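These are my notebook entries on a structure that is new to me. I begin with a term that the later entries rely on.

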Amino acid sequence: MSPSIPLQEMIRAIRSARTQCEERGVIQRECAAIRAQFRQSDSESRSHNLAKLLYVHMLGYPAHFGQMECVRMIASPRYSEKRVGYLGAMMLLDEKQDASLLITNSIKNDLSHNSQYVQSLALCTLACIGSAEMCRDLAPEIDRLLRASNSYIKKKAALCAIHIVRKVPELGELFAPTARCLLVEKHHGVLHGAVVLITELCECNPETLERFRKAVPDLVRIMKGLVTSGYSPEHDVAGISDPFLQVRIQRLLRILGRNSEAASDAMNDLLAQVATNTDSTKSVGNAVLYETVLTVLDIKSESGLRVLAVNILGRFLLNNDRNIRYIAMTSLQKIVGTDNIAVQRHRGTIVDCLKDADASVKRRALDLSLALVSASNIRSMMKELLVFLSSCPPELRAEAASGIFHAAEKYAPSQRWHIDTILHVLTTAGGDVRDETVPNLILLITSAAELHCYTVHKLYRALFTDISQQPLVQVACWCIGEYGDLLLKGECQEMEPVELTEDSVLDALETVLQSHMSSPVTRGFALTATMKLSTRITENVDRIRSIVSIYGSCIDVELQQRAVEYNALFQKYDHMRAAVLERMPVFEKNSPGHTNGESTGDDAVKVMDKVKQREISLPQQQQPVNQVCNLLDLLGDSEEPVHPGPAQGGAATGLTNNPARPAGEDLLDLLGGFEPTPPTPAPAASVYEKNGVTLTLACDKHSDSGLTVTLAASNSSDSDVTSFTLQAAVPKSVHLHMKAPSGDTLPARGAAQVTQSVLLNNPNKVTLKMRIRISYSSQGSAVQDTVQVDSFPGVDV
């Protein structure tokens, strides 16, 4: 191929190449010929060769060897060479290359050229590749050209000034006076460049912003001229006069009117005129209307004008173009918190967008629908959201479920409606809900005492319908374990009565245990529920013992541990089983400033902490547990201190007095053999006296945050006191660790005492309080009392 062939022939040869290898060969030969031509300095073919090299560069092949040729051609006096040289500089050079500095002087000379086209070439190149150094050197020349009489040059100079302000913001002060003067120009290109330049200046400097707020009347005048002007062939686009300039002016007005009532008042009438007179049947008109809406919502506009803006977005929702619907919902999402009533008027249209086939529109419609839920429309909106949940794409199901849970928790009209809604979600999208759903639902069910019978019946039926939804199965197993006696009674007035037997309930739990769809966590729930039923039914305890024993050799360690501990309850600690497996207390949500010791209620120590899945599946708060005999790990992570904030709720720890045994002989001694701490000679105070039973408390402070509390109980009555147990609760930020008691029987007439040591760690130095629950049997009757300790003798806590 000859190096002197025209550009068109080279393009034809490259396009006719049948393979990539053949194309590379053609380009390599041509590039070699171009290099040779550059070395010969043939002035006649320089622009011809550089043009071919630029085409090679656009194809992605290296063309850096032409950079110096661009510099030489820019300095040429011939316009044809200068034009190709500047084009090559904009394509092959950038501000990071040293070669770009070599053209600074040429650009400066060309900015003073007597030809507007040469000046235009220099302005375009500076605006494209001008570095910070070049901008500082040439900024005065650009300011001079902004004051020129030629509109063509002023337009190019304004665009170049925008690049300089972006590159060197401190040079904005140089252009501010001139930019204000450009607003009186008639040429739309100059006006467009001036508006964009003023926008950049206002965004860079707050002081400049205040100065240009005085130009709001000029901008309003220009905008009114565009809106009211008749047909202009030069600027008309689909019936709209220069929509590009209108959009730019509105963006500038939005910046000037933000946080300024005076500027906003000056443009309110204009915005109302644009909003009502702009044709919305074309995309061009919608673009102008959209900018108008954004401006109205961003400035301090009148309430009626904001309602008009929301109505425009509502019309956008009815548009067939999905892009327009998308941006409408995006805008409504931003203002739903401030203009909720106005957005609520378009709730039906927004809900209809949930049925759109486009995934992006569906996601935006879901977010906006959830934001529109309120106490007044919770029932109707939830029906629509539940319908959407049943058919929504898998990637939106988790988000939709979480939004429904949050809305139901915030605006639920009743607890029964709340429970029904969550159960419906679990039935529809149980596998996609988040992990915290199960404990939150259990918390809700526990607090609704009057609905326990209704809930357990409904969950039992749901368990038979579908056991593939693991969260639903977990909640159902928990409820059956806690309220199985209510299920067997069949006295639920809210539902159709169903006669159930103990065998049918156990069959349901055994189905969950044996199902291949059940996760290890779900099997743990089912096994614990089965064990709890051993205290709620009377005729199938042997079957329950058999089911539990099977899982003592399960391959899953967690399930095996539970089964082993439950077997131990049947064998060695059967006398404790009823107390250990008693019904869970009423859970309450944590509220700042409350601790266990401050909670009300004489019958139980209420748990103020948020229930975790492990804690729910195991009876923790009311279960009597020996610290030496730590069944089912009921104390959780009591081996390591927990230091939450002092404002959090307290946690209860259950304790049971058992005859002390050597640590090596106790198979369930999970904490190691802690020997009972003998009473210390510290001052003691009586905290309980009733039925001849006296409980005293003595303290010994052994460190800045550590405290040992010794509880000593005696019996002055004529009969022995048996099954003596203690339970304690402290604020959550205090770590409590109880050692083994010295026994569980108080002999008559004070023959012996039962002592128990409590180790307290108070790292956050919160006000220390302790609630103690005392349980015992005296003369054949069970007694249970609760006392609160607010002061500790001999220790300043």
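Entry 1. I set down the term first: a polar contact is a pair of N or O atoms within 3.5 Å, and within protein one of them must be able to donate a hydrogen and the other to accept it. I also note that the model is predicted.

Entry 2. I looked up Thr278. The side chain of Thr278 comes to 2.6 Å from the backbone oxygen of Val274. I located Thr278 in the loop that lies between helix H15 (261–277) and helix H16 (283–298).

Entry 3. Is Thr278 buried or exposed? I found a relative accessible area of 15% for Thr278. Buried means under 20%, so Thr278 counts as buried.

Entry 4. I then asked which residues Thr278 is in contact with, leaving aside neighbours within four places in sequence. They are Ile240, Gly285, Val288 and Leu289.

Entry 5. I turned to the chain as a whole. I recorded 33 helices and 11 strands. The chain has 797 residues, of which 54% count as buried. Among contacts with a separation of 6 or more, 69% are between residues 24 or more positions apart.

Entry 6. I ended with strands E10 (residues 770–778) and E11 (residues 781–789), which run antiparallel and are joined by 9 bridges. Ser778 has Ser781 in E11 as its bridge partner. The two strands form a hairpin with 2 residues between them. In the turn, I noted a positive phi of about 55° for Gln779.

How values were computed: Residues are numbered from 1 along each chain as its sequence is written. This is a predicted model: local features need pLDDT of at least 70, side-chain atom pairs count only at pLDDT 80 or more; totals for chains, interfaces and linings use all residues. Side-chain values use heavy atoms; hydrogens and water are left out. Helices (H or I, at least four residues) and strands (E, at least two) are DSSP runs, numbered from the N terminus. Buried means under 20% relative accessible area, exposed over 50%, partly exposed in between (1.4 Å probe, protein chains only). Contact means heavy atoms within 4.5 Å. Two strands pair if DSSP finds at least two bridges between them.
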